[in-house]
Amino acid sequence: MTTNKVSPLATERQHRKRFRFVRVPLKRHRIRLFAAHHMTVPQTPQQILHDVFGYPAFRGEQAAVVDALLAGQNLLVLMPTGAGKSLCYQIPALLRDGVAIVVSPLIALMADQVASLQAAGVQAACVHSGTEAEAVRQIADDIHSGCLKLLYVAPESLVSERFIRFMHS
């Protein structure tokens, strides 16, 4: 009995035949390929949880928090480390129009969150004291064009004259 080994290149060709690929320009002139079957816009929190973040189900009170935020309620949510607090505001941000502003005291945490979101295909950025002027201009353009979904800011940036002007521009 012989087994036929399929090369990775042949597998990729078969995959390309099954799905139509679309080129989507990202920041700094990078190009990323997405399969057309992944480009449908999720309509429910559960779909976003699965399709964007890769989780099969909500944990603990996450679903209740997401539903309350989507219903327009104001919440103060206390959860232990690792309980999935970020998903509780990221998912409603992806379902609502406009950009969500997330206040975070740690620049490293903001950068990590933004990198994770961008890796998942979500348009996110952060503004803090170390953000260069050109990057801030690009973020402002992304906000005005409607493509940015989450903007992370440091608390001191949020109340600064510069940031207030930035948000009004």
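These questions and answers cover side-chain contacts in a predicted model.

Local features here need pLDDT of at least 70 and side-chain atom pairs count only at pLDDT 80 or more, while totals for chains, interfaces and linings use all residues. Residues are numbered from 1 along each chain as its sequence is written, and side-chain values use heavy atoms, with hydrogens and water left out.

Colleague: How many residues apart are Y89 and Y152?

Modeller: Helices (H or I, at least four residues) and strands (E, at least two) are DSSP runs, numbered from the N terminus. Y89 sits in helix 4 (residues 85–95) and Y152 in strand 5 (residues 150–153). The pair links distant parts of the chain, 63 residues apart.

Colleague: Is Y152 buried or exposed?

Modeller: Buried means under 20% relative accessible area, exposed over 50%, partly exposed in between (1.4 Å probe, protein chains only). Y89, at 29%, counts as partly exposed. Y152 has a relative accessible area of 1%, so Y152 is buried.

Colleague: Which residue forms a salt bridge with R137?

Modeller: A salt bridge needs a side-chain nitrogen of Lys or Arg within 4 Å of a carboxyl oxygen of Asp or Glu. By this rule the count is one. Both partners lie in helix 6 (residues 133–145), three residues apart, about one turn of the helix. The closest N and O atoms are 3.3 Å apart, and the partner of R137 is E134.

Colleague: K149 is buried; which side chain of opposite charge is nearest?

Modeller: Lys and Arg count as positive, Asp and Glu as negative; His and the chain ends are not counted. K149 lies in the loop between helix 6 and strand 5. K149 has no salt bridge. The nearest side chain of opposite charge, 5.6 Å away, is D97.

Colleague: Where is D97 found?

Modeller: At 80% relative accessibility, D97 counts as exposed. D97 is found in the loop between helix 4 and strand 3 (100–103).
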